[in-house]
Amino acid sequence: MADPPAIKTIVLPIDAHGVSRATLDILVRVARQLDCALLGLFVEDARLQRVADLPFATEVVLTSGGERRLQPERLRSHFGKVSRDTRAVLEQLAGDNRVQLTCETASGARLGAVLQRAGGVNIFLPGRERWPARHTPRIRRPAIPRLGVLLGAPEEDQRLLSVAGTLVDAGLVGVVHVLSPGALDAERRGAIERLGLAVRVVRLDGLDRQGVTGLIRRSPYDLQVLPFSCVQEIPPAQLESALDASRGQVLVVT
């Protein structure tokens, strides 16, 4: 591709659910190819802690189906363990791949904390249904078998397609689907052709806020690359709900 993507930092928000090692491995490899630094943002949900402080708050035990008192100290202990384990894996992977890594802490909802940050950062949003570990080493598969790229405004599309091209050139991608809410001009068609794979262009009849969340929720892609303009007006709770149901990951490019 002609120009490197204008990406400097990718922020990964991490809450008490954690992030699987397989997902972290892909993220670090993507960051290396895009020449990005990584920021691990460990977000403790203060709202959940306040709920746990209530005398009637309970949780359902998945192994037995019974209920027990929701204890604040248990939540804090669990988040602490998730944070330590995730940070250790991130540090190892970032070191192996020579990716600059910094870590910070924040309080609030996962997406609220990261979406309120200053502009210029890009966001990696893990779905709750994470990439499974592959147990078939004899079969060589690309790290990202299916990449979806949602086009936005013309001024954003160059960055989006440059990101896709860099990942393709690095051999990380199997198939690319370019999703276009409108007609493609000659410049964008040329950039898509230069990706060098059998790219499928999917024409969408417009895309409103509900359409974006539906695309995330029912994503058939291992990684979706979205412009920031598509998610900035979506309420964080609505976006979080879509990610909870998604089997893929999302990279939001600014």
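Two strands are said to pair if DSSP finds at least two bridges between them, and helices (H or I, at least four residues) and strands (E, at least two) are DSSP runs, numbered from the N terminus. With those terms in hand, let me turn to the structure above. This is a predicted model, in which local features need pLDDT of at least 70 and side-chain atom pairs count only at pLDDT 80 or more, while totals for chains, interfaces and linings use all residues. Residues are numbered from 1 along each chain as its sequence is written, and side-chain values use heavy atoms, with hydrogens and water left out.

The protein has eight helices and eleven strands. Nine strands form an open sheet with mixed pairing, in the order 5-2-1-6-11-10-7-8-9. Strand 5 (101-107) and strand 9 (200-203) stand at the edges, and because each has a single partner strand, one side of each is left without a neighbour in the sheet. On average, and with direction ignored, neighbouring strands of this sheet are turned by 20 degrees against each other; axes here are lines fitted to C-alpha atoms, for helices over the stretch in contact, and angles run from 0 to 180 degrees between N-to-C directions.

Which residues have the most contacts inside the largest nonpolar core? They are Ile-144, Leu-147, Val-149 and Leu-167, in a core of 44 residues. A nonpolar core is a set of buried Ala, Val, Leu, Ile, Met, Phe, Trp, Tyr and Cys residues joined through side-chain atoms within 4.5 Å, and buried means under 20% relative accessible area, with exposed over 50% and partly exposed in between (1.4 Å probe, protein chains only). If we leave aside neighbours within four places in sequence, the contacts of Leu-147 include Ala-164, Val-173, Tyr-221 and Leu-223. A second, separate core of 27 residues includes Leu-150, Leu-179, Leu-215 and Leu-239.

Helix 5 deserves a moment. Covering residues 154-169, helix 5 has 16 residues and reaches 23 Å from its first C-alpha to its last, close to the 22 Å expected at 1.5 Å a residue, where the expected span is 1.5 Å times one less than the number of residues. Among its buried residues are Leu-160, Leu-161, Ala-164 and Leu-167, and the buried residues of helix 5 pack against elements including helix 1 (21-33), strand 7 (144-150) and strand 8 (173-180). After helix 5 comes Gly-171, whose phi is positive, near 75 degrees.

Finally, two loop residues. Val-99, in the loop between helix 3 (72-97) and strand 5, counts as buried at 8% relative accessibility. The C-alpha atoms of Val-99 and Arg-29 are separated by 8.7 Å, although these residues are 70 apart along the chain.

Key
Contact means heavy atoms within 4.5 Å.
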